[in-house]
Amino acid sequence: MRASAYRFSGRGRRLAARCSATEPASAGTGGDEKKVRSKIPKAPARSVRAHLQGVPLDHIVKVPKAGVGLASDGTQTAHGLNYHHAQNAGGEGYYFYMPTVSLMGPGALKKAVRDMGGRGLGKVLVVTDRVLREIGALSSLTDLLDEHGIAYEVFDEITPNPTSAQVMAGVEAVERLGCEGVVSFGGGSPHDCAKGIALVCANGGHIKDYEGENKSAKKMLPMVAVNTTAGTASEMTRFCIVTDEERHVKMAIVDWHVTPDVAVDDPELMVGMPPGLTAATGMDALTHAIEAYVSTASTPITDACALHAIKLISRYLRTAVRDGEDLRARDMMSYAEFLAGMAFNSASLGYVHAMAHQLGGFYDLPHGVCNAVLLPVVQLKNAEHVPDLFLDLAEAMGIEGLGEAGGLGVAERAREIVIRAIRQLSRDVGIPENLEALGVRREDFEVLAENAMKDACGMTNPFQPTKEEVVEMFEEAYAQKH
Ligand SMILES: [Fe+2]
């Protein structure tokens, strides 16, 4: 749920600048739209077998509709037929959270800013980080605010891990400047800080008062979240992560009142992301989707979101990393991270995030990279507990069918192929192969495991590991090879 600031490449900056001009390449605007669309390559074929190099062909065979058949009928078949958790837990139903309005696709920012005037946002605080302002990326937003006569002040004091002091400084700025709402611009950090600012402005007190779940009484100030990465989904979730610099802990504020009113996912703002950040945030999104799918709190709605996110990421992440200006790949990854956000916003996550949070806190490592390294190890263990769900994951990743061969059952073969496909995707997009390569120290595993077991994300993992098992997973992630 976290991304860091990034620098736009020269080519990306030029395209971003062109897209923020008075005639952006938004749908239905004619010439520019056609020019951009003409450069978009056709979608790859449905199968991603080409990406599964090394998978023996006899591991990819059709399953007859009769018999097992779980992976042959489209999405959420294993879940739909054989839920692994108690349905309607507690007899009081399930929540499903989502933003009120979302704007997607090329040119979405233009429409979002035009709408702001109609939402009573006369003056807003723009919350971003200094890098995005200095490289000129922010002008794609501020130019539109100027054009539509919306007054604003820029608050660019946000760091990759926003602190409670930054939130409270933003609260002071809103009150001093008389702002009626906040607009975040960037990745997870500006969004989370803006959520904290808007929440305290509406409810009073200090951001630390709201640590935990649903501690606020009122909806936060109006907030529009303009997203520039494809991974955290903070622009549309009810999660807000803020560092308490006195206790040196990341506070999790999980509150439906911090769900932004409007989420803007305009892929033209994402073309400047460098390959490393594209890969890390994309693998974060894949982790959100997989963890939400196997979560004990999943529902048919979150399942549908998770599986389609996995499909899109499996098909488009490589292209987005290889050619950042491929607008179709950026667009599809934008939808994918949003879908993954829709899934985990309600189904929550699992032990990949519980463990990755500790690595991020201890070593200040990129969240998405930690997730990517841990993902195959934790899912290999999960597959022992919910094997049927891996049939659907395999299909979502592009495997058209699975049959029994080589002494393995269908579910075991699905697990084998899913884990192999995750490792191969990580390798293809340049993720380091293990924790040793990230500089993690084995002597820290005991403490990391203890802390991981306290992380709320682990509560919805399909099995609850012992501390020894968590240490074992860290050990495996330390030594694994792609
Ligand atoms: Fe995440």
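Which strands make up the open sheet, and in what order? Before you click, know that this is a predicted model, where local features need pLDDT of at least 70, side-chain atom pairs count only at pLDDT 80 or more, and totals for chains, interfaces and linings use all residues. Residues are numbered from 1 along each chain as its sequence is written.

**Stop one: the sheet.** Select S5, S8 and S7: they form an open sheet of three strands in the order S5-S8-S7, with mixed pairing. Strands here are DSSP runs of E, at least two residues, while helices are runs of H or I, at least four residues, numbered from the N terminus. Two strands pair if DSSP finds at least two bridges between them. S5 (212-213) and S7 (239-244) are the edge strands, each with a single partner, so one side of each has no neighbour in the sheet. Now zoom in on S7 and S8 (residues 249-254), which run antiparallel and are joined by six bridges. Pick Cys240 and you'll find Ile253 of S8 opposite.

**Stop two: helix H8.** Select residues 188-203, a helix of 16 residues that reaches 22 Å from first C-alpha to last, close to the 22 Å expected at 1.5 Å a residue (1.5 Å times one less than the number of residues). Is H8 enclosed or open? It is largely enclosed by the rest of the structure, because 14 of its 16 residues are buried (20 or more other C-beta atoms within 10 Å; exposed is 12 or fewer, partly exposed in between, with C-beta atoms placed from the backbone).

**Stop three: Pro432.** Pro432 sits in the loop between H15 (410-428) and H16 (445-452).
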